[in-house]
Amino acid sequence: MSGELISVPIDVYRFDPSHDSAPRYQRYTLELPRHTPVLSALLKIRTDLDPSLSLRYSCRSSICGSCAMVINSKSRLACQTPVGPEVERHGRIVIDPMRNLPVLRDLVVEMAPFWGRYRKLEPHLIPDPNRPMPVDRENPMTPAEVERFKTTPRCIACGSCYSACPAVEHDPEFPGPMALAKLYRFVVDPRDGARQDRLVRIQAEGLWLCLRCHLCTESCPKEVEPSERIRDLKEMAIAVQGGTEHGSRHAVGFKDNIRERGILNELKLVRQTYNPLEALAQLPQGLKIARKKPETLHAPRKIEGQAEVEALYVALDDSKETP
Amino acid sequence: MKLAYYPGCVAQESGRELDQSTRWVAQRLGIELVEFPSFSCCGSGFVDEANSTLNVALNARNLALAEKAGLDLLTICSTCQGMLSLANHRLKDPAVRARVDPALAKIGVAYRGSVRVKHLLEVVTRDLGVDAIAKKVTRPLRGLKVGAFYGCHLLRPAGEVGGESGEEPRSFENLIAALGATPVLYRGRVMCCGFPILFVREGTANRIAATQIDDARAHGADALATPCPLCHISLDSFQNKAAKAVGHALDMPIFHLPQLIGLALGASPEELGLPRHLVATDAALAKIGQVSVPA
């Protein structure tokens, strides 16, 4: 501890589209106390070594959310990441701009796509006509009502989750973890009148593209747990509307499938998710697989104690309350 | 070592080679697999999306069966591992208990919460230890570069499934090295295989699988190995579609975790069910001087 200095090799992504034909990494080596935040190291590079380095930052206290970047391949806040453990684990610190967003210069990215996907979800209160907004005073909630938000009010919209998300990376229709966590916040807001509409709309607008890889939850600097709130949204969406999309049909189909034998009937699940035409389109691939794995064509044996499984369904699924 | 064996649905159906190779390896490593023909499906993450309380109850019933026998539970699937661990975690919440316990009581089941859920990877690397495994290796996989593909639910959410690390695990790589092969580090090793949306948006799922395979190849991998049969479906059974989605050949052999261990312990490709794969493992087997599998 104390003021002992360690040598910190930092490889920083550099790219200025107006001058450079391709990005490159620039090595800076600093002598720093091991608890120094990566952000402070970058600012030291800028003041002492290279004023051309571009990055975004403001509060330096994990509140403003501007210094999100990729540090040794993890999306996180530079102000919240000390250099010591990184150097000990990786031997150096590699710094890249956030993923899934166009680079403007060095570590500065264009945030417009992040906000664009967010805005599509109407992230603002749509007042409930049955709970009129008072015009002359605030519209408070009870502490119990605030509890419903769970983790979501902590979000600082830094974009770490968006950068970490493979669904964002591979599908332009996925709204992103932060946008869905915020949507959850409005869905459970007792003052919001659009709960049902929001849940119906989101099913068709990308909710089921979440891969539940939980990389968003892992990368979030404020423990918002976006993947858990997305899971909650899925369950609430099914409760209001049932299986309307492939994703929800698959989830509901899977649940009903297990009930019958206690174990998954793989072949039947295809029919539960797809309509007959879609199922037919899967036939060539299904036959390819069945040639090597013929048991996919047969239903599995019921588990012993399937009656117990059935009883759990009767108790917890047949008369399910809306969560 | 004696454990309640939870093979999961896929290993009993389209992924039987996983069950087959697990039994072979368990026998050689002195792991006694106690069978429970009344274990139900873990819900695979899908039941959790449709009805989370039911999902916890189904897994609490599974856990209670192991508890009654006084055994910890062995999984061979990252997703089963994740779902059973998640149930253990959620059952610490009194509000969840209040919903689940009365339903369990109706079928005469009570779960105290004492069962530890362990994936084969953990049993091999932590309980037995990679050094002990290395001593049992009869055919080192020298010359083979293997990328570990962990499967999300084994790792995350780290706070709930209690894995080694959400984004920077090393146990699988340590095991690969102990088997004599060279572990390959690449970003995709902790990423998603695409499986959860294979039925939702197949094209995107295929592209995600291809991305991880391409990434592994770019870092020098000859083959991938996974502790998750769902990843295996996405990476092996649908690799032809992944290749089509990105417009180039992938040709990446995908091993199940116990198959890789089995090879180093001297099992034949047939004993490990390798002929059941859709992507031929011949090229990888040739590297370790093993005869190729008849087509």
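This note goes through a few local features of the predicted model, point by point.

1. **Crossing of α4(B) and α5(B).** Two helices of chain B pack here: α4, residues 52–68, and α5, residues 78–90. Their axes come within 9 Å. The crossing angle is roughly 100°. Angles of 65 to 115 degrees count as roughly perpendicular, and α4(B) and α5(B) are therefore roughly perpendicular to each other.

2. **Residues at that crossing.** From α4(B), the contact uses B:S52, B:N55, B:V56, B:N59, B:N62 and B:L63. From α5(B), it uses B:M83, B:L84, B:A87, B:N88 and B:R90. By class, this contact of α4(B) with α5(B) has five nonpolar residues, five polar and one charged.

3. Where does B:D48 sit? Its place is in helix α3 of chain B, residues 46–50. The relative accessible area of B:D48 is 3%. Buried means under 20%, so B:D48 is buried.

4. **Partners of B:D48.** The side chain of B:D48 makes a polar contact with the side chain of B:R90, at 2.8 Å. B:R90 also belongs to the α5(B) side of the helix contact in point 2. Leaving out residues up to four places away in sequence, B:D48 touches A:R231, A:E235, B:N55, B:L86 and B:R90. That list includes residues of chain A, namely A:R231 and A:E235. B:N55, another entry, is on the α4(B) side of the helix contact.

5. **Helix α14(B).** This helix covers residues 257–264 of chain B and is mostly covered. How many of its eight residues are buried? The count is eight of eight. They are B:L257, B:P258, B:Q259, B:L260, B:I261, B:G262, B:L263 and B:A264. B:G266 follows α14(B) and has a positive phi, near 100°.

6. **Strand β5(A): side chains.** Strand β5 of chain A spans residues 93–96. A:I93 and A:I95 point one way. A:V94 and A:D96 point the other way. Buried or exposed? All four named residues are buried.

7. **Strand β5(A): neighbours.** β5(A) pairs with strand β1 of chain A, residues 5–14. These two strands run parallel and are joined by three bridges. In this pairing, A:D11 stands opposite A:V94 of β5(A). Strand β3 of chain A, residues 68–71, also pairs with β5(A). Here the sense is antiparallel, over two bridges. A:I71 stands opposite A:I95 of β5(A).

Methods:
Residues are numbered from 1 along each chain as its sequence is written. Chains are lettered from A and ligands numbered from 1 in the order in which they are written. This is a predicted model: local features need pLDDT of at least 70, side-chain atom pairs count only at pLDDT 80 or more; totals for chains, interfaces and linings use all residues. Side-chain values use heavy atoms; hydrogens and water are left out. Axes are lines fitted to C-alpha atoms, for helices over the stretch in contact, and angles run from 0 to 180 degrees between N-to-C directions. Angles under 35 degrees count as roughly parallel, over 145 as roughly antiparallel, 65 to 115 as roughly perpendicular and the rest as oblique. Contact means heavy atoms within 4.5 Å. Ala, Val, Leu, Ile, Met, Phe, Trp, Tyr, Cys and Pro count as nonpolar, Asp, Glu, Lys and Arg as charged, and the others, Gly among them, as polar. Buried means under 20% relative accessible area, exposed over 50%, partly exposed in between (1.4 Å probe, protein chains only). Two strands pair if DSSP finds at least two bridges between them. A polar contact is a pair of N or O atoms within 3.5 Å; within protein, one must be able to donate a hydrogen and the other to accept it, and residues adjacent in sequence count only if both atoms are side-chain atoms.
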